[in-house]
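Subject: Structure for you to look at

Hello,

Here is the structure I promised to pass on. Please open it first, then read my notes below.

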2 protein chains.
Amino acid sequence: MQILVVPDSFKESLSAKEVANAIARGIHSVDSEISVKQFPFSDGGEGALDLLQNLFEGELVTTSTIDAMGRSIKAPYFRFADRKAAWVELSQASGLAQIEVDKRNPMLASTYGTGLQIRHALDHGAEEIYLGIGGSATNDGGTGILSALGGLFSDAEGEMLLPGGGFLTELDHIDVEAIPQFELKVACDVSNPLLGKQGATAVYGPQKGVTPEMEPQLEAGLTNFSKHIELLTQKSVAEVPGAGAAGGCAAGLHGLLGAELASGFELLAELSNLELEIKEADLVITAEGRIDGQSLEGKLPVGVAKLAKKHHKPIVVLAGSIGGNLDLLYALGINSIFSIQNGPCTLKESMDNTAELIESTAQRVFRLFQTARKS
Amino acid sequence: MQILVVPDSFKESLSAKEVANAIARGIHSVDSEISVKQFPFSDGGEGALDLLQNLFEGELVTTSTIDAMGRSIKAPYFRFADRKAAWVELSQASGLAQIEVDKRNPMLASTYGTGLQIRHALDHGAEEIYLGIGGSATNDGGTGILSALGGLFSDAEGEMLLPGGGFLTELDHIDVEAIPQFELKVACDVSNPLLGKQGATAVYGPQKGVTPEMEPQLEAGLTNFSKHIELLTQKSVAEVPGAGAAGGCAAGLHGLLGAELASGFELLAELSNLELEIKEADLVITAEGRIDGQSLEGKLPVGVAKLAKKHHKPIVVLAGSIGGNLDLLYALGINSIFSIQNGPCTLKESMDNTAELIESTAQRVFRLFQTARKS
């Protein structure tokens with residue numbers, strides 16, 4: 001029997017690797033001969049760089065760049081050893097977390113620093129770029145990245161626009177001829193469109209510092225940007241699901257560079273041949289700190305379940321806590337779900353003993369699985 | 001597929017019947033066609049009368065009798081409809097719970113009232129008596145029961161002894177000739193011997209009001225009693241496991257009437273044909289408020305597991321909380337164990353939602369079982 005273990009991390013408690021180890025220990029406490037393949041995973045959101053180092057041969061490359069407000073910083077990206085590819089995280093250079101609250105200004109904030117990282121990767125041999133977006137400080141439609149790669153954004157007088165979403169209302173001409181050819185895949189875990197009430201500015205603006213005064217200007221800027229993309233390419237990006245991710249970054253990269261938009265999980269799964277691993281497994285175990293039927297979008301167990309269902313493989317989720325609407329999870333292919341708790345306990349008690357609880361639960365789940373198979 | 005559900009009650013939360021219902025609901029939420037046989041059970045301790053009414057055709061018969069201190073009371077026993085048998089609970093007439101703390105006196109307390117109940121059952125056609133012992137207020141070696149049935153206990157002058165363990169030091173002659181023939185099976189869930197440090201008086205005396213001053217007298221009384229049983233029957237009861245149950249009641253009934261001593265679970269299992277039900281099941285689910293590897297004696301899941309193991313049937317335990325040393329439980333035949341908790345919670349939260357938690361856990365356990373069988 002071959003068991004594939006594909007857990008997420010348990011936030012503030014255990015890394016995905018530690019979770020995978022605990023599950024493997026639980027299974028091996030029942031039968032040390034069972035083949036357990038550990039695949040610590042992630043939903044591809046922030047923090048994917050750590051994960052990449054667990055899953056792939058490669059190295060973190062740290063380069064000089066600038067943050068969203070234009071200040072010099074150093075930021076890492078991941079270069080794969082066995083393919084001409086790099087994984088860049090938008091949040092490393094252009095993230096919100098590193099901008100002090102009183103310095104945040106989405107009118108001026110730019111993704112240019114992330115563009116510099118991508119250019120570095122391309123200059124050093126990468127032909128494919130995986131870009132994880134999420135946690136951005138910006139609302140610039142990705143014009144910063146495009147500028148750093150050689151794109152030109154000018155106004156009606158032919159003057160180059162200043163960086164930041166606040167100036168996109170002035171945009172009159174786009175020129176991306178100088179941007180080199182490369183394969184770009186964008187990992188985005190939201191499905192918001194670019195504009196409107198569910199769009200980039202309205203939904204994600206406030207957390208980046210968009211005030212009610214700024215909002216019309218930024219929305220008008222992205223509207224104008226999208227109009228010029230359509231003029232140039234004859235394709236509309238405004239309604240593409242996910243186009244609103246990271247301040248419209250997904251819209252710009254999809255519209256002007258033809259970037260593929262996919263979930264972080266899908267891209268990581270593709271890179272790691274997860275589907276092949278699932279095909280070869282007799283049982284798949286995934287894990288997540290909390291699971292319920294309400295918040296499915298981008299959740300690792302859901303992604304793994306879809307692949308497991310495709311290949312008719314049993315899949316079980318271990319979770320710190322289980323919420324309601326489980327039928328929605330079952331419908332996606334999850335066969336069963338178990339909480340790791342042994343009895344009533346506080347959150348702190350549970351978090352202090354997460355590894356032991358996961359190990360014991362994996363042991364008991366595997367015992368039942370084995371018993372049922374033999375019965 | 002046929003599933004047998006044999007749960008205990010969850011103390012202060014749900015009756016065994018309610019637990020069984022919740023488990024059945026959980027299974028039927030997955031597949032309403034599955035045959036689920038509900039067998040709400042008990043370890044045969046106090047409270048078995050309720051259970052008997054769930055498991056068997058019959059009636060509660062309430063008669064006038066006396067309590068352990070000789071006061072008039074009414075107490076029920078269970079008469080089976082389909083066999084000439086009755087189940088009498090020692091604690092109903094001779095229990096400790098109904099004696100006020102300041103009135104407890106194990107020197108004088110007698111099981112006579114329980115004997116009256118047994119006599120009533122015999123007079124009304126019973127040929128088999130099941131006697132559940134536990135929770136007694138007495139230390140009389142069962143001489144009260146035996147007296148009520150026609151036994152004679154006299155001193156060296158031929159005078160009848162007064163009721164209570166305090167007078168057994170005077171015992172010089174036993175006559176049980178007048179006691180009618182009947183089948184007696186005693187349900188006792190402890191394995192203490194009659195005498196000594198692990199004996200009836202030393203271990204269970206204090207909770208009945210045995211003071212350090214009374215103890216030597218009561219111990220000497222049971223010692224003398226056991227000597228006279230041996231004189232009369234040529235068999236020693238002093239070292240029989242369980243002889244110390246209920247103030248030596250088990251010793252007297254085993255020694256003088258040949259009563260079979262068995263666990264409450266074993267007797268209930270025999271009466272209910274549980275073993276046959278297990279043989280016909282594809283999966284057995286039992287449940288208990290708390291389970292661990294330390295406190296196995298007399299626990300329902302352990303009894304059920306032994307029968308399931310004998311017939312190579314998968315058996316799973318659902319528990320409110322799971323303690324340590326699970327390997328001991330696995331060794332007894334339990335295949336796996338699941339806590340009903342969905343996540344960190346207080347004991348009160350768990351007890352307020354026990355039925356829903358059990359239902360959801362049964363659903364998820366059954367889903368995994370079914371998935372594994374098909375895989």
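The interface comes first. In this predicted model, 32 residues of chain B are in contact with 32 residues of chain A. About 2,700 Å² is buried between the two chains. Carbon and sulfur atoms give 62% of that area. B:Pro344, B:Arg364 and B:Leu368 stand out: they supply 22% of the area that chain B buries against chain A, more than any other three residues.

What holds polar atoms together across the interface? There are 18 residue pairs in polar contact between chain B and chain A, counting pairs with both residues at pLDDT 80 or more. The count of salt bridges between chain B and chain A is zero.

Several elements of chain B each bring at least two residues to the side that touches chain A. They are strand 12 (315-322), helix 12 (326-331), strand 13 (336-339), helix 13 (347-352) and helix 14 (354-374). Helix 14 of chain B gives the most, with nine residues. By class, this side of chain B has 15 nonpolar, 13 polar and four charged residues.

Next, the symmetry. Chain B can be laid on chain A with an RMSD of 0.1 Å. The same surface serves both copies, as 100% of the contact residues of chain B recur in chain A.

Now the salt bridges. Over all chains, the structure holds 24 of them.

- B:Arg79 pairs with B:Glu59, with the closest N and O atoms 3.0 Å apart. B:Arg79 lies in strand 4 (residues 72-80) and B:Glu59 in strand 3 (residues 58-66) of chain B, so the pair ties together parts that are 20 residues apart in sequence. B:Arg79 counts as partly exposed, at 25% relative accessibility. B:Glu59 also counts as partly exposed, at 41%.
- B:Glu260 and B:Lys185 meet through their side chains at 3.9 Å, N to O. B:Glu260 is in strand 10 (residues 260-262) and B:Lys185 in strand 9 (residues 183-187) of chain B, so this pair ties together parts that are 75 residues apart in sequence. B:Glu260 is partly exposed, with a relative accessible area of 35%. B:Lys185 counts as buried, at 10%.
- B:Glu288 forms a salt bridge with B:Lys299, and their closest N and O atoms are 3.8 Å apart. B:Glu288 sits in strand 11 (residues 283-291) of chain B, and B:Lys299 in the loop between strand 11 and helix 11, eleven residues apart. B:Glu288 is buried, with a relative accessible area of 8%. B:Lys299 is partly exposed, at 24%.

In chain A, salt bridges that share partners join A:Asp67, A:Arg71 and A:Glu100 into one network.

Helix 9 (residues 264-272) is mostly covered, with seven of its nine residues buried. Among them are A:Phe265, A:Leu267, A:Leu268 and A:Leu271. A:Asn273 follows helix 9 and has a positive phi, near 55 degrees.

The other is helix 14 of chain A (residues 354-374), where A:Thr354 lies. Is A:Thr354 buried or exposed? At 4% relative accessibility, A:Thr354 counts as buried, because the cut-off is under 20%. A polar atom of its side chain lies 3.2 Å from the backbone oxygen of A:Met351. Leaving aside neighbours within four places in sequence, A:Thr354 is in contact with A:Phe10, A:Ser13, A:Leu14 and A:Ile340.

Last, some loop residues. A:Gln234 is not a glycine, yet its phi is positive, near 65 degrees. A:Gln234 lies in the loop between helix 7 (215-233) and helix 8 (245-257) of chain A. A:Gln234 is exposed, with a relative accessible area of 61%.

B:His312 is another non-glycine with a positive phi, about 55 degrees. B:His312 is in the loop between helix 11 (300-310) and strand 12 of chain B. B:His311 is placed in the loop between helix 11 and strand 12 too. B:His312 is exposed, at 72% relative accessible area, whereas B:His311 is buried, at 19%. Not counting residues up to four places away in sequence, B:His311 touches B:Glu275 and B:Lys279.

Best wishes

Technical notes:
Residues are numbered from 1 along each chain as its sequence is written. Chains are lettered from A and ligands numbered from 1 in the order in which they are written. This is a predicted model: local features need pLDDT of at least 70, side-chain atom pairs count only at pLDDT 80 or more; totals for chains, interfaces and linings use all residues. Side-chain values use heavy atoms; hydrogens and water are left out. Contact means heavy atoms within 4.5 Å. Buried area is the accessible area (1.4 Å probe) that two parts lose on being put together, summed over both. A salt bridge is a side-chain nitrogen of Lys or Arg within 4 Å of a carboxyl oxygen of Asp or Glu. A polar contact is a pair of N or O atoms within 3.5 Å; within protein, one must be able to donate a hydrogen and the other to accept it, and residues adjacent in sequence count only if both atoms are side-chain atoms. Helices (H or I, at least four residues) and strands (E, at least two) are DSSP runs, numbered from the N terminus. Ala, Val, Leu, Ile, Met, Phe, Trp, Tyr, Cys and Pro count as nonpolar, Asp, Glu, Lys and Arg as charged, and the others, Gly among them, as polar. Buried means under 20% relative accessible area, exposed over 50%, partly exposed in between (1.4 Å probe, protein chains only). Copies are superposed by least squares on the C-alpha atoms of residues with pLDDT of at least 70 in both.
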